[in-house]
Amino acid sequence: LKDVSGTVTVGTSTISGNTAHGITILDSDGTVSIDSSTLSGNSQSGLRSENSTPSITANTITTNAQYGLDVFGSAIPATVTGNDLTGNTRGSVLLAADASTTPVADSNTLSNGVIWLSGGPIPGSAAWSSNFTYYVTNTIVVPDGLTLTIEAGTVVKFAMSDRSNFIYPGLAVASGGTLTISGTVGEPVY
């Protein structure tokens with residue numbers, strides 16, 4: 001689905017066995033809804049959203065070779081609610097840093113509760129929920145004027161560094177950026 005400026009709904013459908021992503025939504029600012037569908041057994045991710053604003057609701061997105069959902073670009077899904085994103089080979093959800101403010105609701109079911117984050121600057125202030133574990137694969141940058149809040153009880157993990165490929169997972173806060181870690185004795189952030 002490319003450059004959608006109107007309305008497109010994919011509902012109660014089965015999309016499986018593709019040699020790429022099950023559904024790709026690219027550069028679309030129209031009303032795109034993926035609802036109550038099954039996306040499984042695809043050679044890449046079940047659903048890829050790039051610079052698009054779809055609503056992704058009540059889908060079963062499982063057993064894909066990469067992620068259930070991967071999101072790239074500064075235009076992000078409007079909603080991600082009530083989806084089963086389990087059993088995908090690499091992980092449930094991959095968010096590029098520029099898409100790290102994607103609203104992944106607590107009503108989604110993720111394998112091990114993990115959201116994967118690739119590196120780069122976050123596009124807006126964001127909060128990481130204690131309902132998920134965040135796995136950072138490269139450096140996430142909090143730019144000037146923005147805040148990243150890590151809620152009490154949140155688990156943040158970092159991939160191993162790979163110096164030969166210039167991969168250094170971590171959190172970097174630019175001058176004027178803010179990192180707020182809201183852990184408590186009873187609910188530490190670790």
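Strands are DSSP runs of at least two residues, numbered from the N terminus. The legends below describe close-up views of a predicted model.

**View 1. A nonpolar patch on the surface includes Ile181 of strand E22.** The patch is formed by Phe158, Leu171, Val173, Leu179 and Ile181, which together have about 380 Å² of accessible area. Two elements each give two or more residues to this patch, namely strand E21 (171–173) and strand E22 (178–181). Ile181 belongs to the latter, strand E22.

**View 2. Ile23 is a member of the largest nonpolar core.** This core has 36 residues. Those that touch the most other members are Ile23, Leu47, Leu69, Ile115, Leu117 and Trp128. Leaving aside residues up to four places away in sequence, Ile23 is in contact with Leu1, Val10, Ile15, Ile34, Leu39, Gly46, Leu47 and Arg48.

View 3. When residues up to four places away in sequence are not counted, the contacts of Gly46 are His21, Gly22, Ile23, Leu39, Ile61, Asn64, Tyr67 and Gly68. For one of these, Asn64, the separation from Gly46 is 18 residues in sequence, while the C-alpha to C-alpha distance is 5.7 Å.

**View 4. Arg48, Glu50 and Asp70 are joined by salt bridges into one network.** Two salt bridges are found in a search of the whole structure. In one, the side chains of Arg48 and Glu50 meet at 3.1 Å, N to O. Arg48 counts as buried because its relative accessibility is 18%, whereas Glu50, with a relative accessible area of 25%, is partly exposed. Arg48 also forms a salt bridge with Asp70, in which the closest N and O atoms are 3.6 Å apart. This second pair links distant parts of the chain, with Arg48 in strand E6 and Asp70 in strand E9 (residues 67–72), 22 residues apart. Asp70 has a relative accessible area of 2% and is buried. Through shared partners, the salt bridges connect Arg48, Glu50 and Asp70.

**View 5. Thr133 is a buried residue of strand E17.** Strand E17 comprises residues 133–136. The relative accessible area of Thr133 is 16%, so this residue is classed as buried, the cut-off being under 20%. Thr133 touches Asn112, Gly113, Val114, Ile115, Val155 and Lys157, residues up to four places away in sequence not being counted.

Key: Residues are numbered from 1 along each chain as its sequence is written. This is a predicted model: local features need pLDDT of at least 70, side-chain atom pairs count only at pLDDT 80 or more; totals for chains, interfaces and linings use all residues. Side-chain values use heavy atoms; hydrogens and water are left out. Patches are made of residues with over 30% relative accessible area and no salt bridge: like charges are joined within 9 Å, nonpolar side chains (Val, Leu, Ile, Met, Phe, Trp, Tyr) within 5 Å. Accessible areas come from the Shrake-Rupley method with a 1.4 Å probe; for residues, only the protein chains shown count as cover. A salt bridge is a side-chain nitrogen of Lys or Arg within 4 Å of a carboxyl oxygen of Asp or Glu. Helices (H or I, at least four residues) and strands (E, at least two) are DSSP runs, numbered from the N terminus. A nonpolar core is a set of buried Ala, Val, Leu, Ile, Met, Phe, Trp, Tyr and Cys residues joined through side-chain atoms within 4.5 Å. Buried means under 20% relative accessible area, exposed over 50%, partly exposed in between (1.4 Å probe, protein chains only). Contact means heavy atoms within 4.5 Å.
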